[in-house]
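Hello,

Here is the structure I promised to pass on to you. Please have it open beside this message while you read.

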Amino acid sequence: MKKNNIINLTINNQSVSVPEGSTVLQAAQKLNIHIPTLCNHDDLCVAGNCRVCVVEQKGSRVLVAACAQPVTDGMEIMTNSLKVRNARKHVVELLLSEHRADCTKCYRNQNCELQTLANEYSFGDHIFLDLVREHEHLIDNTSASIIKDDSKCIRCQRCVRTCSELQKVSAIAVSGKGSEMKISTFHDRPISHVVCTNCGQCVNRCPTGALTEKNYIDYVWDAIYDPEKHVVVQTAPAVRVSIGEDLGYDPGERVTGKMVTALKQLGFDSVLDTDFTADLTIMEEGTELLTRLKKVLVEKDKETALPMTTSCSPGWIKFIEHKYPEMLPNVSTCKSPQQMFGALAKTYYAEKRGLDPENIVSVSIMPCTAKKFEANRPEMRDSGYKDVDYVLTTREFAVMIKQAGIDFRTLEPTHHDSIMGESSGAGAIFGATGGVMEAAIRTAYEIVTGRPVPFDNLNITPVRGMEGVKEASLKIEKCKKEWSFLEGVELKVAIAHGLTNADEVMRAVSNGKANYHFIEIMACPGGCIGGGGQPIPTNINIRQKRIDAIYEEDMNMPIRKSHENPEIIQIYNDFLEKPNSHKAHELLHTHYLERVRY
Amino acid sequence: MYQTDNLVKDLVEKHGRQRDSLMPILQGIVEKHNYLTDEAMVEVAQELDISAAEVYGTASFYSFLDTEPRGKYVIRVCKTITCAMKGKEEVIEALEDILKIKVGGTTSNGLFTLLETNCMGWCHKAPAMLINDIPYTELTREKIIKIIKDYMHK
Amino acid sequence: METKKISKVDLIFEHIDPREVLTKAYGMTRDEIIDEILESGLKGRGGAGFPTGMKWKLCSEEKEKTKYIICNADEGEPGTFKDREILDRVAYKVYAGMTIAGKAVGAKKGIIYLRGEYKFLLPQLRMQLDGFLKMSNEIGYDFEIDFRLGSGAYICGEESALFESIEGKRGEPRNKPPYPTHSGLFGKPTVVNNVETLVNSVIILKYGSKKYKQMGTMFSTGAKVFSVSGDTPIPGIYELELGMSLLEFVKEFGDGDTKAVQVGGAAGFCVPRKLFASTVIGFEGVPTGGSMKLFNSSRSMYNVLHNYLEFFTEESCGQCTPCRVGCQQLLRGVESVKKRESKSTYLNELVKLADTMKIASKCGLGQSVGNAFKSIVENFREEIIY
């Protein structure tokens, strides 16, 4: 096929020219003609199965799916003929008939693509019989992160494509056929007992309320209103650049200060920052990396595994536990920033503030659904208590703001509380793919050489960007004496986001085809800013805007390196002694387990 | 519980590890054991490097790739129009009487499972049924009793 | 419209020496073979009726090195059993047809997708294939044939669903375009022909397209194997010229009390007695893959319709909305009208739904459910309601 051929066609009698290989839907978008879609999603391959986007093509007996139909020269398309309208209305009515339209009580009320279509095409009485069956009312809420409600499922298969294409997990697949066709785990096992990584990417792409995160809002309200409890909240780096989307702002708007004020108004006793423990992670993980390098390069220790991978992303952790358990020794033993925060909230923070940890409730606001599972892992109780009590997604946080009647736009920005509220730009960029790597290099390079990284404004651009797998290397020269074993070493790193890309990297590593020292892996596309707990919808443009905002956040910080964060310096002086100390190991490091293969 | 260890490995050896080997492998397991256990599906998934949910999802699309326990002899009575017109109900009744199970059930000795199926291409000799792979046509109560007795004594 | 008297022929099951036809085809160029098939006017015998010569030509023009010939032996349409009979009695003609098609389009690999229900035929088919391949190799053909089995899924007779099934996936039809002749099995140019179509191509090459065209009508050349069942004293397989009227057919096969004939299986049309005389069996009238089911006055057309709808509700692949949900709505809808839970006028809504399914479904299955539904409801409305 010749490339760059231009195809001329008409849509609703308007001429349009698009490149060969475009779909009718894309051509219509160029003309600003709206064709409704459901199964179609910018991040996923074409399915063409919901049939909501059917349009009339002159000369064709049947209607064609705009999302799947390639344009041809001279094609004449009608998107709004009577035939199209009637068919589309029927399709929407059919979907409604197999959907438990419990709208007023549904978590996705007013942010539901089926509801929007119903408003446009099928107000008034239902035409068809209600097909939702009793047994479908059985809701799978076994997972700490995700609830699957088949009675609201319209079988668009976006979740299945997400799980397979973006994440290469396929914890869910299409099963059965005909009227029995549905979305299933392996032999309908509870979602908590299969390879699901809890990443929540399916939740982000579900057009209805069939897949949602498990909601902990009421527990948090109860804690806030319990006078006995001191409720601390931590805010993840990616939340401040996305929460605005759920509150009427355009994607990419930074609302850090307003977010903090909102949390104070909600009644949290102390509003602290996960960015602080992101900085702490850099200290711990950077030290761990340098230690591993020393063991391998100097002591020739065969037991020490390289490359080391990051461990901040709980979706990634569960993925490797299921899929590459033999490579668990490669994963950094550092807890994620959320869990480091939790362990310190009920020890260091309690001590400093003179609080009984028994009475501390630790809440986190995360862009992530997997963090809910992570907080519930039995290993995550090193403070002697459950380190993080409740995890809320960005979306749940937005619901709380609305519930409290807060007018977010008019809030005056305030700063995070102290202690554990101070952070650097390095902590801030944890939210974007490549951010952990960049933060780590900023610190590790300086520790080893005594000089800042050789990049303009400390911006390590080779590790930035939306490419699925990024590779970079950095030659270490003129080391400080104690790091002389690294002299001349070319540090090789890789960054992957989205588990399909992670899988590719891990395959290359296990086949011996890659010789990296350090790999950053984030389970979600774009990193945490594309997390499963982020505002819906998502697409690559939205994710790019959130990333741009993250780097803006970094540039606006007075401190850009983790090791220069004064609260970090303080916590090592007052409490942890030094990175990877015995105490740090006790509280800030963890271990992993092999999990089932289905 | 049946042993799949060597069976799955042998089938994978024979048909290969590509995705397009999945059907022949699953068919091979069913041929030997009449249905797919979870263990077998997980093993196939690992051999072919695909997810177990996908193996289950694919198997569950095909009515002959059962994922629930089945007897040694799986009886499938055609229920489509001509067989329905020509006495399919009597066939089912006769089978239920002799096997003492209902459609969907398996005899307690694990020998027979009774199922219905869609048109199997014997309309001119209706009513018809399959026992495993073998078709039986122009069924009458007497004929059915004889067929089943023969299987009981196999 | 021209109609023909009943005219029985014996070409499909007639025993021939395949070596003779294969040798003849071997001496022809690819274009000569394709031209002969085009000239014959042969249309696919599986039911859809796409011109076979055109299919071969399109595939032949593709530049890809790897191409496939697939014999669709997933005969699942209720009331059709002729392909089983053909494979049972003259499989070598099927192999010959595939081999010739392979030469015509430039394919070296053929696959017979045999429905699981016919697995019992496999041992004899494999044995016959061994002998056949020896012979075709001797003539000089370089074409291999393999079997793949279905496992009980009607939809796998749809060609792109069939590809998915061979590729080890759920038999869910693909979006079209791309069409199989351009991108079929494993993304390669593929010809899918029905068992009977392939045998017809052998007949055409043996007797020539001129002679072949003398049978049938202008739009429906040749003869066709009919699977006759239901209320008939003589159920079975009959090879008849195309173009006869249904009245002629019923005179021959009916029991004297025929009130309706379902032409083309569950996916086909129900023709009531009053339309027998004006209905031509062929592509200009009511097309059929060969399924002819006769119903006499003792039969309830509600039961017939209900049985078909249950069939489609189970056999729809389930991926597209109009078919998955539409089939269930039609089934539950007629049930609720029958039980007086819905008004009889609800049938009008269901007819409109059937129209939507015809134009909005992704594949031929969903698009044809409306055929049986509308033709039964419109002609036997009273029986559905009361």
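This is a predicted model: local features need pLDDT of at least 70, side-chain atom pairs count only at pLDDT 80 or more; totals for chains, interfaces and linings use all residues.

**Chains A and B**

The contact between these two chains involves 17 residues of chain A and 13 residues of chain B. On the chain B side, two elements each supply two or more residues, namely α3 (38-48) and α4 (52-59) of chain B. The top contributor on that side is α4(B), with 5 residues. If you sort the chain B side by class, you get 6 nonpolar, 5 polar and 2 charged residues.

**The domains of chain C**

For chain C, the domain assignment gives domain 1 as 18-213 and domain 2 as 301-385. Their C-alpha centres are 33 Å apart. The two domains of chain C do touch: domain 1 puts 9 residues into the contact and domain 2 puts in 8. On the domain 1 side, the classes are 6 nonpolar, 1 polar and 2 charged residues.

**Two crossing helices in chain A**

Next, have a look at helix α8 (residues 274-297) and helix α10 (residues 337-353) of chain A, whose axes come within 8 Å of each other and cross at roughly 105°. That angle falls between 65 and 115 degrees, so α8(A) and α10(A) count as roughly perpendicular to each other. From α8(A), the contact uses A:Thr274, A:Thr277, A:Ala278, A:Leu280 and A:Thr281, while α10(A) brings A:Pro337, A:Gln338, A:Met340 and A:Phe341. By class, this contact has 5 nonpolar and 4 polar residues, and no charged ones.

**A covered helix in chain A**

The last item is helix α4 (residues 158-166) of chain A. How many of its 9 residues are buried? The count is 8, which leaves this helix mostly covered.

Enjoy looking through it, and do write back with any questions.

Best wishes

Technical notes:
Residues are numbered from 1 along each chain as its sequence is written. Chains are lettered from A and ligands numbered from 1 in the order in which they are written. Two residues are in contact if their C-beta atoms, placed from the backbone, lie within 7 Å. Helices (H or I, at least four residues) and strands (E, at least two) are DSSP runs, numbered from the N terminus. Ala, Val, Leu, Ile, Met, Phe, Trp, Tyr, Cys and Pro count as nonpolar, Asp, Glu, Lys and Arg as charged, and the others, Gly among them, as polar. Domain bounds come from an automatic or database domain assignment. Axes are lines fitted to C-alpha atoms, for helices over the stretch in contact, and angles run from 0 to 180 degrees between N-to-C directions. Angles under 35 degrees count as roughly parallel, over 145 as roughly antiparallel, 65 to 115 as roughly perpendicular and the rest as oblique. A residue is buried if 20 or more other C-beta atoms lie within 10 Å of its own, exposed if 12 or fewer, and partly exposed in between; C-beta atoms are placed from the backbone.
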